[in-house]
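Q: I would like to learn how to read helix packing and nonpolar cores. Please take one model and go through it with me.

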Amino acid sequence: MLDIYPWQHDQMQRLSAMYSQERLPHALMFSGTEGIGLKQFSLSLAVRLLCAKNDNFEIACGLCDSCNLVKGDSHPDLKLIEPEENSERIQINQIREFIDYSTLKSFSGKIKICIINPAEMMVTSAANALLKTLEE
């Protein structure tokens, strides 16, 4: 469904191994030079984790209800936070919405995923609120 770039296969294999050993952490941070496909990689990982027919972390099927919801940008367990159209920064209200979102039970019962892209564009108050939530 969402392919990764050839230079990302090793990282995805490491995450796959962690997943199969039930050692995947609750939060991951991907960093690198702009334009190398980090958003694509993050979305590909999210789709693999959310796919209803993907029990072994392979490429998502692209056919199940969960994959169709992701394709339609309407999966209730996937939240993408990016700067709003009229701003270059991620605002505190967006992080507060994420905090509220994170307290609710997942729709599928498996996992909830939030991708913040690019995280370095958060205003200071948003970054502090997110850090406090992650610490709790």
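Q: Are helix 1 and helix 2 roughly parallel or roughly antiparallel to each other?

A: This is a predicted model, where local features need pLDDT of at least 70 and side-chain atom pairs count only at pLDDT 80 or more, while totals for chains, interfaces and linings use all residues. Residues are numbered from 1 along each chain as its sequence is written, and side-chain values use heavy atoms, with hydrogens and water left out. Helices (H or I, at least four residues) and strands (E, at least two) are DSSP runs, numbered from the N terminus. Angles under 35 degrees count as roughly parallel, over 145 as roughly antiparallel, 65 to 115 as roughly perpendicular and the rest as oblique. Helix 1 (residues 9–20) and helix 2 (residues 38–50) pack at about 30 degrees, with axes 12 Å apart, and are therefore roughly parallel.

Q: Which residues of helix 1 and helix 2 meet?

A: Contact means heavy atoms within 4.5 Å. From helix 1, Q11, M12, L15 and Y19 meet F41, S44, L45, R48 and L49 of helix 2.

Q: Which residues touch the most other members in the largest nonpolar core?

A: In soluble globular proteins, nonpolar side chains tend to be buried together. A nonpolar core is a set of buried (under 20% relative accessible area, 1.4 Å probe, protein chains only) Ala, Val, Leu, Ile, Met, Phe, Trp, Tyr and Cys residues joined through side-chain atoms within 4.5 Å. Here the largest has 19 residues, and M12, L45, F57, C67, L78, I113 and I115 touch the most other members. Helix 2 gives the most to this core, with seven residues.

Q: What does F57 touch?

A: Leaving out residues up to four places away in sequence, F57 touches M12, L15, S16, Y19, L45, R48 and L49.

Conventions: Axes are lines fitted to C-alpha atoms, for helices over the stretch in contact, and angles run from 0 to 180 degrees between N-to-C directions. Buried means under 20% relative accessible area, exposed over 50%, partly exposed in between (1.4 Å probe, protein chains only).
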